[in-house]
Amino acid sequence: MDGSVSYENRFNRSVKDFFRKIFSQNLTRLSNAWFFFNTWMNQLRSVRIREKWMRRGVQSPPFMIVSITARCNLACKGCYSHAQHRNTEQEMSAENLSGVIAEARELGTSVILIAGGEPLVRPEILDITKKYPDIIFPMFTNGIMLSETVISRLGRQKNLIPVISIEGGMLETDVRRGHGVFDNVLRVMGRLGRKNIFYGTSITVTRENFDTVTHHGFISGLIAKRCGVFIYVEYVPAKPGTEDLTLTEPQKIRLRELLAEWDNTYPAQFIGFPGDEELFGGCLASGRGFVHISPEGRLEPCPFAPYSDTNVKDMPLREALASEFLRKIRENHHLLKETRGGCALWENRAWVTSLLK
Ligand code: SF4
């Protein structure tokens, strides 16, 4: 790791590289190629905007994760969102959501991950994201509500990219997510692929499904359905008593090696979370690389650290990003080295909550 180059520059370079690769990956599909070429250009522009704000001492994260709801049409075992018991009454309105996206765009945030719960229980997200064509919105969905109507809409609105959750094969997926979910997900992936709609998959990697989800057969099967991005999220034991599902040290090391290898062996992009953070000097939460907004509008360091001292319903995003709480975490990111369970902030939650006090 070249210490002389700031983490911001390294992170911005990796974002630019990522979209350049997505563009070249889609060269054979003309409509996608043109879209991703413009996306790549937009990312370059956003980097310059962020650099301008950073020079003025304003924190401007490249990425933002917005959980637009805690509601969901499934009840998966060990669901992280459900484990938080969020109050669904106070969810941000469509105006709130659109407003915070506009503010983030002004700060140069160029990728906004839409999460939940299940985002499609709020179909207004399709109209909200359509208003910001130069921002990429990966939408983390369980795939069940990707109807023909929604799929044809996605075909016309390429900046909203479905990222479908899967746990491995039928056994792993249906045991956690419910009977029939695996077949449903494969059907939806097939439809998206046939319609040349760019999409990805999100895989929660545990000690148990590690061998399945890192197997060539699993990956090539999804690539045959034209899956373009694979996001491997290391399991975080948010539910007490599930610590033995976290990756072992050898598995973590192996996953990093494989992710680097696969980038050069498969026609797709591979992302590890939080594994890749080490490339940028440790935890990227609290606005260093990304920040999380809860369904109620609370600005939190990370989806796995549900703590906050600000709400974007009550103040401009720029002001909330300057919060004392987030600043202290950013300043101490070097203390947040990789942990036993997928998230340094979760592991150090006693320290994190002490900052709030
Ligand atoms: S689909 Fe996601 S939010 Fe819904 S129950 Fe499953 S893990 Fe939780």
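Tutor: Let's start with residue classes: Ala, Val, Leu, Ile, Met, Phe, Trp, Tyr, Cys and Pro count as nonpolar, Asp, Glu, Lys and Arg as charged, and the others, Gly among them, as polar. This is a predicted model, in which local features need pLDDT of at least 70 and side-chain atom pairs count only at pLDDT 80 or more, while totals for chains, interfaces and linings use all residues. Residues are numbered from 1 along each chain as its sequence is written, and side-chain values use heavy atoms, with hydrogens and water left out.

Student: At what angle do helix α1 and helix α2 pack?

Tutor: Find α1 at residues 7–25 and α2 at residues 30–55 (helices are DSSP runs of H or I, at least four residues, and strands runs of E, at least two, numbered from the N terminus). Their axes, 8 Å apart, are lines fitted to C-alpha atoms over the stretch in contact, with angles from 0 to 180 degrees between N-to-C directions. The two helices pack at about 170 degrees.

Student: How many nonpolar residues does the contact of α1 with α2 have?

Tutor: From α1, the contact (heavy atoms within 4.5 Å) includes Val15, Phe19, Ile22 and Phe23. From α2 come, among them, Phe36, Trp40, Leu44 and Met54. Beside 4 polar and 5 charged residues, the nonpolar ones number 11.

Student: Which residues of α8 make the contact with α7?

Tutor: Helix α8 covers residues 181–194, and α7 and α8 pack at about 115 degrees with axes 8 Å apart. The two are therefore roughly perpendicular to each other. Their contact divides into 3 nonpolar, 1 polar and 3 charged residues. Met170, Thr173, Asp174 and Arg177 of α7 meet, on α8, Val181, Phe182 and Asp183.

Student: How many charged residues does the shell around the ligand have?

Tutor: Around the ligand (a heavy atom within 4 Å) are Cys72, Leu74, Ala75, Cys76, Cys79, His82, Gly117, Asn142 and Arg177. By class, 5 are nonpolar and 3 polar, and the number of charged residues is 1.

Student: Where is glycine 117 placed?

Tutor: A cis peptide bond, with omega about 10 degrees, joins glycine 116 and glycine 117. Glycine 117 is also among the residues around the ligand. Its place is in the loop between β2 (111–115) and α5 (124–130).

Student: Where is arginine 226 placed?

Tutor: Arginine 226 is not a glycine, yet its phi is positive, about 65 degrees. Look for this residue in the loop between α10 (216–223) and β6 (229–234).

Student: Which helix gives the largest share of the lining of the second largest pocket?

Tutor: By class, this lining divides into 4 nonpolar, 5 polar and 5 charged residues. The largest share, 4 residues, comes from the helix at residues 170–177, α7.

Methods: Parallel < 35°, antiparallel > 145°, perpendicular 65-115°, else oblique.
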